[in-house]
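Thanks for coming. I will go through one structure this morning, and you can follow along on the screen.

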Amino acid sequence: MIATLAFYAFAAVLIGSAVMVVSSRNPVHSVLFLILAFFNAAALMLIAGAEFLAMILVIVYVGAVAVLFLFVVMMLDIDFVRLREGFQRYAPIGGAVGAVLFVELIFVLGAWRFASDAADLRINPTPGGSVSNTQAIGRILYTDYILLFQLAGLVLLVAMIGAIVLTLRARPGTKRQNIDAQVNRTGSVGLVQVPMGAGLREMGILRPPEPDAPKPIAAPADHGGHH
Amino acid sequence: MSDFIATPFGTLVITVAQALALLVPLLLAVAYLTYGERKVLAAMQMRKGPNVVGPFGLGQPFADAIKMLMKETIIPSGASRALFMMAPMITFGLAMIAWAVIPVNDGWAIADINVGILYLFAISSLGVYGVIIAGWASNSKYAFLGALRSAAQMVSYEVSIGFVIVTVLLCVGSLNLTAIVRAQEQVWFFIPLFPMFIIFFISALAETNRAPFDLPEGESELVAGFFVEYSSLSFGLFFLGEYANMILMSALTTILFLGGWYPPLAIVPFTWVPGPVWFILKICLCLFTFVWVRATFPRYRYDQLMRLGWKIFLPFSLFWLVLTAFVLKLAGWLPA
């Protein structure tokens, strides 16, 4: 009973926040509602027993993808007056397209019926009850579908390399730090033995000493304290 | 009594009692962590630190808390009010709910869930939202710059934290936090996985926005960064959240690498000390190192921070992950 109540609560918030994603005027609010929608989807997965997927959904989509979304959207310079300018002109076309899609959706749902063996095919998050959800996913992903899994990884790798190649450019004239050269530099920096209690400026060790420069003269012993 | 616990209402009451038993000491620990940090910093800089309120200045955290409560809450006129007030609550709330799965002793976790480590990783990756929302909702340039820095920084260092966690999981064979600690009964993981331990600790510094990675605050360039517009209790929540996150990350380090509640050696004088005491002592060691690092290192430059995360930690942790997998497989040590 509690699980059913929780399901309806999370599902209601999920649909509500999904509506707010497309209807809220401020894009940053849209992204924040999208994050709320992700959260509720994760909660629904938890109720279904798919704990691993729920956590991965939060880590990947909320923790990384949505952060980058927000990062970009926050930096957009949006003029809300201009955004609303063409609303009346485009409203009839948009409404017509929406109506067509809605009618299609009604037709599809009207002819919908469950297959006779749907209940048996329903996804079981913990098959047999002896393994955890994580192990069940691992077994399916890394034995039955290993090729498809690796291919998906390869496609992502190609996309990543493509993005890097498209954005990486060596601009002439930019100064870059060569850490290796810095760390391995010798000769120009050295340690100098300083007599204790002597002022630094008089001995001229603020600059690196020249190779044949005379040794700093030790201050008299009674010359201590401040200047 | 056991009948009562079995009812839904009984479960609720017991869970609330457990949560209070964990959170009240935690909040006290947060209060005294601020005191401890100031004392340790003072000792490292040859000062005295807080020493006026109460004996040895022990009343200082409460004096600070009362001062914070008495101040006026200021909301900038250009701010997005709802989000502005939500941001500190998010930071503080996330730092608290993560503790639900931390096992202080064998079987002492409030919720001993199967995917405990993923839960912790998810919660810690959400911490960035408090910072980003605060920076954006303040409608201030400094706060916004701090938020942008924080977003890039946390996403970068999460990647290497993820690889470190996967390496530990390879050695354990479970995502459950209690199982992770139990796997360290013979040898704590910081010995075989020492480089990963170092990477994890440095990434934890970056993840909690602590020095030398405190660029989101960067008081010398961004005034106070993302919380520059906050005052009174809303500032206090950010402050508490940061320190609670430090304790959380130290607890995570203890669980992953320092053997949780196990004594260093399973011989008589050590085994007399109960497990939670060892757990707390290890957390204190980590926290001391957090403060020690703050007193020692200057703040990183931003490009150096990104270079360290992406060009050094990411390849190295990836390499070490593959190496660990090879060694475990070839030596036949893979957990079933």
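Start with residues 243–263 of chain B: that stretch is 71% helix and 0% strand, and its end C-alpha atoms lie 26 Å apart. Helices here are DSSP runs of H or I with at least four residues, strands are runs of E with at least two, and both are numbered from the N terminus.

Before going on, the ground rules. This is a predicted model, in which local features need pLDDT of at least 70 and side-chain atom pairs count only at pLDDT 80 or more, while totals for chains, interfaces and linings use all residues. Residues are numbered from 1 along each chain as its sequence is written, chains are lettered from A and ligands numbered from 1 in the order in which they are written, and side-chain values use heavy atoms, with hydrogens and water left out.

Now the salt bridges. The term means a side-chain nitrogen of Lys or Arg within 4 Å of a carboxyl oxygen of Asp or Glu.

Take Glu37(B) and Arg210(B), whose side chains meet in a salt bridge at 2.4 Å, N to O. Glu37(B) sits in helix α2 of chain B and Arg210(B) in the loop between α8 (194–207) and α9 (219–222), so the pair ties together parts that are 173 residues apart in sequence. Are these two buried or exposed? Glu37(B) is buried, at 2% relative accessible area, and Arg210(B) also counts as buried, at 2%. Buried means under 20% relative accessible area, exposed means over 50%, and partly exposed is in between, with a 1.4 Å probe and protein chains only.

Next, Arg182(B) and Asp106(B), which form a salt bridge at 2.7 Å, N to O. This pair links distant parts of the chain: Arg182(B) is in helix α7 (residues 177–182) and Asp106(B) is in the loop between α4 (81–97) and α5 (116–137), 76 residues apart. Arg182(B) is partly exposed at 46%, and Asp106(B) is partly exposed at 34%.

Asp214(B) and Arg299(B) make another salt bridge, with the closest N and O atoms 2.8 Å apart.

On to Ser232(B), which is in helix α10 (residues 232–257) of chain B and is buried, with a relative accessible area of 7%. What does its side chain reach at 3.4 Å? The answer is the backbone oxygen of Met68(B). The side chains of Ser232(B) and Thr73(B) are joined by a polar contact of 3.5 Å. A polar contact is a pair of N or O atoms within 3.5 Å; within protein, one must be able to donate a hydrogen and the other to accept it, and residues adjacent in sequence count only if both atoms are side-chain atoms. Setting aside neighbours within four places in sequence, Ser232(B) is in contact (heavy atoms within 4.5 Å) with Met68(B), Leu69(B), Lys71(B), Glu72(B) and Thr73(B).

Last, the interface. Chain A brings 25 residues to the contact and chain B brings 27. Together they bury about 2200 Å², 79% of it on carbon and sulfur atoms; that is the accessible area (1.4 Å probe) that two parts lose on being put together, summed over both. Met55(A), Ile59(A) and Met74(A) supply 26% of the area chain A buries against chain B, more than any other three residues. Between the chains there are zero salt bridges and three residue pairs in polar contact, both residues at pLDDT 80 or more. On the chain A side, α3(A) gives the most, with 14 residues.
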